[in-house]
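Work through the two exercises below with the structure open. Each task is followed by its solution in steps.

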2 protein chains.
Amino acid sequence: MSETRLRAKELDAADGLAAKRAEFLLDEDGGEGGDAVYLDGNSLGALPVAVPGRVEDVVRRQWGALRIRSWTESGWWTAPERIGDRIAPLVGATAGQIVVGDSTSVNVFKAVVGAVRLARSADSAAGPARDEIVVDATTFPTDGYIAESAARMTGCTLRPVPPSEVPDALGDRTAAVLLNHVDYRTGRLHDLPALTAAVHAAGAYVVWDLCHSAGALPVGLDEHGVDLAVGCTYKYLNGGPGSPAYLYVRAELQDRFDSPLPGWNSHAEPFGMRPEYAPAPGALRGRVGTPDILSMLALEAALDVWDGVPVEAVRAKSLALTDFFLECVEAYVPEGRVECLTPRRHGERGSQIALRCPDAGDVMERLIERGVVGDFRHPDVLRFGFTPLYVGFADTERAARVLAEVLAETGA
Amino acid sequence: MSETRLRAKELDAADGLAAKRAEFLLDEDGGEGGDAVYLDGNSLGALPVAVPGRVEDVVRRQWGALRIRSWTESGWWTAPERIGDRIAPLVGATAGQIVVGDSTSVNVFKAVVGAVRLARSADSAAGPARDEIVVDATTFPTDGYIAESAARMTGCTLRPVPPSEVPDALGDRTAAVLLNHVDYRTGRLHDLPALTAAVHAAGAYVVWDLCHSAGALPVGLDEHGVDLAVGCTYKYLNGGPGSPAYLYVRAELQDRFDSPLPGWNSHAEPFGMRPEYAPAPGALRGRVGTPDILSMLALEAALDVWDGVPVEAVRAKSLALTDFFLECVEAYVPEGRVECLTPRRHGERGSQIALRCPDAGDVMERLIERGVVGDFRHPDVLRFGFTPLYVGFADTERAARVLAEVLAETGA
């Protein structure tokens, strides 16, 4: 066994989170057609073993037998805020600020329109109208599309700006700023505390998209005074395909949060069936329509894996895994064959490694054939996501080794 | 056995849809804590027996073993339009006009904003700007709240009007009209063909909310030239609690449909990850974010019960059930004790009976204790929904009989 493989074994033996792996259905559990090394948890998290039984109970007993009574008896009605409170500690939020529901895109719309309205309601009569929305130019596309729609519908102009240039782009016309905590393509971690402070110094409101950071590293929403945040739950939170997203509205802003999607679930008295809208107090104001119970309760079961797991431990292992992966790639892959897009500095790295190579599409196909599952992002990026709860160091070494084999076969 | 009970037996024996009941998990199937007569399918449809096994496969095999590969291999990515095409014949639509996803409230927002934009893009330069949205004043509240937000965000005024007065309220300033096919409270069926024609005659666009009609009666979206429609899938379509809603955009309007929620799933090239939005052709344009797969595929399994069932047969049985219920109530309940809010005329009746009585909340509680499950709508309405696929005539007679017993006990 090579020295690197031995090191992987030692690192796995010393890993305080190693036992968590047993809480997921991975291939040693006999999954059919499964993958040996799953490095795509930044796209779809693996299945926690608690989920199938819980879902079966929700379907057969709660829906099938109790039916409509489950809205109260099985806690369906309060699920969006209850599950929001489960997510809260993972992103550094105290209870009562997060509701779960709708897709990330829909939540981006609520948050960006809400941020513009907050900025305008806070505006002094003296200054110019705030009519600009600044967005991360390297954003996952849907955020940009939705921000464009929010701009159009609030009479704003959308300004796409590279994250490093955001501070210079801010001014007294800035209403809202939409930023990604971790870049979906490169895995770069942006400086949430500094950028939030810069937005606030300009008198504007910030919306953070946590899709690629929540569950992988500490976010510190409360600590850093973030105004609004959104995120999905199917990546590092393992909620299942298309599981509902969430919306964070800082407690002090909730009374002024003015949602563009004021559905009956956010009404102060939803069963009063009143023709006039009156918003509920608190985070509930971010709800819209009837919550999607099967997916939401699958997510609730999936969150059990976090019991007793500090995000700091996850972050430490994530950095150790990505460091080790880079070390293995350097050891196994000839120099120049791939280019690492992910920053080396820990403070700038999320929980994935993005490697650029000209034949990335072909390379990823061959990797997947050999059981190493990452994904490909057009036109030339290989993405490898490291989920510390179920990825180990031997997996990481193997992924780099198979990558080197594939790269050796495919001339580039 | 009373004559009425004998008649119920005969009607059940002659019921061509009676065999469908076996395709649902009802109490004879051993459901724990179940209800003897379930007349709340207009709130949450009963569980089709095909669903639990399908959901288990989706969770364990598609998510648990195939994971990310299921987006293509298990048909996840195309589920919104594939399942839309399954719903289409139930509402009189040809394929390619419906996508499933998001809540009804979110779809109302897409449809109403979309309708206003259609009206404006079609406007001749000569006339006044179209700046009014007309909404059914008796609407389910969320439609009104969302229409108000759509009005605010498109510079329109919202005009709530009783459905019977809608034709007189229309004019050359009307942009969009949002109407409920069946009133959620009274069960009144509105005249979709005539109202659609009136809206078109005014040069405006109509959005129909089909929550309380789809799966209970023929809708005829294509036949009557409806522009846009939305509906939920957890009532007469039995998709499960909070299962995703759907959006219909008439084929000829799709190229001009301009969604206020242009998420990456509606992009012409969603995996191109392009910073500029370019809408997909067709119904896909109504998609937003990542579809909620567990709930969506549960719905797909639930739709199997419609195989070979003509909506016309469902409608005939629905009217026979509600006629019979009214007959039983008249026979068993002293005159004046309850007032029927649902129209007697078939052409004006949906698939529920609403009875008003001053102590409705207390009465419904007692009914539920005795296994007859309807629901209560503030302040004084008892609602009984009749789902022809699993409610029979003996159920109906029993519900009326238990209602009479409860009403006799509770002095009013």
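The exercises treat an interface and then a sheet.

The model is predicted, so local features need pLDDT of at least 70 and side-chain atom pairs count only at pLDDT 80 or more, while totals for chains, interfaces and linings use all residues. Residues are numbered from 1 along each chain as its sequence is written, chains are lettered from A in the order in which they are written, and side-chain values use heavy atoms, without hydrogens and water.

**Exercise 1.** Describe the contact of chain A and chain B.

Step 1. Chain A and chain B each give 81 residues to the contact (heavy atoms within 4.5 Å).

Step 2. About 6600 Å² is buried between the two chains, 64% of it on carbon and sulfur atoms (accessible area, 1.4 Å probe, lost on being put together and summed over both parts). A:W63, A:R67 and A:Y145 supply 13% of the area that chain A buries there, more than any other three residues.

Step 3. The rule finds two salt bridges across the interface (Lys or Arg side-chain nitrogen within 4 Å of an Asp or Glu carboxyl oxygen). A:R152 and B:D258 form a salt bridge at 2.6 Å, N to O.

**Exercise 2.** Which order do the strands of the four-stranded open sheet in chain A have?

Step 1. The order is β11-β12-β15-β14, with antiparallel pairing (strands are DSSP runs of E, at least two residues; pairing needs at least two bridges).

Step 2. β11 (339-340) and β14 (375-377) of chain A are at the edges with a single partner strand each, so one side of each lacks a neighbour in the sheet.

Step 3. β12 (352-356) and β15 (381-385) of chain A pair over five bridges, and A:Q352 lies opposite A:G385 in β15(A).
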